[in-house]
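Open the model in your viewer and keep the selection tool ready. The stops below go one selection at a time.

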Amino acid sequence: MNNVLKNLGLLLIIIGAILLVLSYALGWVDNNLVNGGALLLMIIGLIAHIILNKRYQD
């Protein structure tokens, strides 16, 4: 379980990137909800990655 929590931030960033690639492949590039959701996932993932790795490093 600790391994999943340690990598949660990276998983969220990867899911956000995959969502952006899928939206491009499916032609949803004008849909702000999809692009905003991917951006939000990537920002939350970055913050979670920093916080969780700092916690497990100590």
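Select Gly-9, Leu-12, Gly-16 and Ser-23: these are the buried residues of helix 2, where buried means under 20% relative accessible area, exposed over 50%, and partly exposed in between (1.4 Å probe, protein chains only). They lie on the same side of helix 2, because they cover an arc of only 65° around the axis, taken from the directions from the helix axis to the C-beta atoms. Helices here are DSSP runs (H or I, at least four residues), numbered from the N terminus.

This is a predicted model, in which local features need pLDDT of at least 70 and side-chain atom pairs count only at pLDDT 80 or more, while totals for chains, interfaces and linings use all residues. Residues are numbered from 1 along each chain as its sequence is written, and side-chain values use heavy atoms, with hydrogens and water left out.

Next, select Val-21 and Ala-25, which are exposed on the other side of helix 2.

Within helix 3, pick Ile-43. Ile-43 counts as partly exposed because its relative accessibility is 42%. What separates Ile-43 from Gly-9 in sequence and in space? The two are 34 residues apart in sequence and 9.2 Å apart from C-alpha to C-alpha.

Just after helix 2, select Gly-27, which takes a positive phi of about 80°.

Finally, colour by pLDDT, the predictor's confidence in each residue, from 0 to 100. The protein chain averages 92.

Notes:
Helix = DSSP H or I, 4+ residues; strand = E, 2+ residues; numbered from the N terminus.
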